Amino acid sequence: MKAAVVKETSPGERRVALVPDAIAKLRPAGIDVLVETGAGDGAWLADSVYADAGASIVSAAEIYRTADVILTVTRPSAAAISELREGQAVIGMLAPLVDPELAATLAARGVTAISLDGLPRTLSRAQAMDALSSQSNVAGYKAALVAAGEFGRFFPLLITAAGTARPAKVLVLGAGVAGLQAIGTARRLGAVVSGYDVRPAAKSEVESLGATFVELTSVSSAAGEGGYARELTAGERQAQQEELSGHIARHDVVITTAQVPGRRPPLLVTEDTVKAMAPGSVIVDMGASALGGNVTGSHPGQTVVTGNGVTIVGADNLPATMPTAASNAYSRNISALLLHLTRDGALAIDTSDEIQAGVVIAHDGKIVHEAVASLVPQPTQGGSGVDGPSD
Ligand code: NAD
């Protein structure tokens, strides 16, 4: 089986799906690796390093002509999709719940679409494949560094001949994978750190990192299914925003990471709250998105300074800003998934397997993932190549 690594095409994307180390680990399973010329350049992985590790360096045209499986980080470009052949497979973070049209297009072309973001993450045998966690981990680390970079004072307590600097007070809102890494990193930089989450289970995790857990009296547990948070009601949301406001105003730096699967990120920091913060404060919004983020006034990829001197950084694909660390981790995740899917040197699609049921989105000309199929408009007559949701 030929598995091919393509050069990522999204603006600013510097990650690569496989690093050279992976090549020797895939070969015993009958997997030969093709690498598009320059695929690793953004992560400082030269073609020659891939070639030395046993990969064939080829053109994109040869990949689309000969590869059985195409490995990507994010969704393939429209141009790449038009090159895909029936029977080829694409494995990457395809975000099918956000972009179900991509799944429908791939299904219609007879391409098998496999997305790491559908992985059942709590399954212990799936943990080596958990790209959402590995990339959130990188993003949380970088968010703390971005915050420190924007902040005009030190994070640690410093006692020098020129005076004493008090440590920065950092608050991290949302204590999932990214939030916990942001807490750990800010602590390692010497800040005094607090964390908050709507899931009560987060309390012990925040405290185990040496941070203080902020408890709100106005919002009780909002633990949802599968370890995720549920969406708050409008009343809970308002109460949360109001109670958080006082905590936020007492901090120098706020990093927000709150997400609810399949929903737009919850708004935690309102305009009034930003106005209550002291000049020189910094907010890094990891939830920033085109639909809105955790912070009023944040935009992905933009840094704005408000009239009262608060810097708001809208994070945008932080893992791509640490391409080597992010690619190393992603490469291990996608290799583990590829090996899981491979039998006798070929992909063996079997959605009765719990892992495959989560990640296989399209196969044999149909969308086979029920949740994704339910998001795709159904034709009035048959023949679209899209399976409808089951009755
Ligand atoms: P996520 O990216 O979906 O969300 C980030 C955090 O935001 C979550 O902790 C969530 O509770 C929090 N949040 C949502 N709405 C909020 C609100 N209104 N106010 C404050 N916080 C809010 O989460 P994630 O990082 O993907 O992790 C989700 C869960 O999955 C966690 O419990 C994590 O420990 C768990 N997980 C388990 C495994 C495993 O078992 N191997 C692997 C990965 C993640």
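Modeller: Let us begin with burial: a residue counts as buried under 20% relative accessible area, as exposed over 50%, and as partly exposed in between. Please bear in mind that this is a predicted model.

Colleague: How does that rule apply to S298, and where does S298 lie?

Modeller: S298 has a relative accessible area of 5%, so this residue is buried. Its place in the chain is the loop between β13 (282–285) and β14 (303–305).

Colleague: Which partners does the side chain of S298 reach?

Modeller: A polar contact is a pair of N or O atoms within 3.5 Å. The side chains of S298 and D285 are joined by such a contact, at 2.6 Å. The backbone oxygen of V295 is also reached by the side chain of S298, at 3.3 Å.

Colleague: Let us turn to charged pairs. How many salt bridges are there?

Modeller: A salt bridge requires a side-chain nitrogen of Lys or Arg within 4 Å of a carboxyl oxygen of Asp or Glu. By this rule there are 12 salt bridges. One of them pairs K203 with E207, at 2.8 Å from N to O. Both residues belong to helix α8 (residues 202–208), where they are four residues apart, about one turn of the helix. K203 is partly exposed because its relative accessibility is 28%, and E207 is partly exposed because its value is 38%.

Colleague: Which salt bridge links distant parts of the chain?

Modeller: One example is the pair R153 and D252, whose closest N and O atoms are 3.1 Å apart. R153 is in the loop between α6 (131–150) and β7 (158–160), whereas D252 is in the loop between α9 (234–249) and β12 (253–256); 99 residues separate the two.

Colleague: Are R153 and D252 buried, partly exposed or exposed?

Modeller: R153 has a relative accessible area of 37%, so R153 is partly exposed. D252 has 10%, so D252 is buried.

Colleague: What is the salt-bridge partner of D130?

Modeller: D130 is paired with R121, and their closest N and O atoms are 3.2 Å apart. D130 counts as buried because its relative accessibility is 8%.

Colleague: How many residues surround the ligand, and which are the closest?

Modeller: A residue is assigned to the surroundings if one of its heavy atoms lies within 4 Å of the molecule. The ligand has 24 residues around it, and the closest are R121, Q127, V177, D197 and R199. By type, this shell consists of 11 nonpolar, nine polar and four charged residues.

Methods: Residues numbered from 1 in each chain as written. Predicted model: local features only at pLDDT ≥ 70, side-chain atom pairs only at ≥ 80, totals over all residues. Heavy atoms only, no water. Buried < 20%, exposed > 50% of the residue type's maximum accessible area, 1.4 Å probe, protein only. Nonpolar A, V, L, I, M, F, W, Y, C, P; charged D, E, K, R; others polar. Polar contact = N/O pair within 3.5 Å; in protein donor to acceptor, adjacent residues only side chain to side chain.
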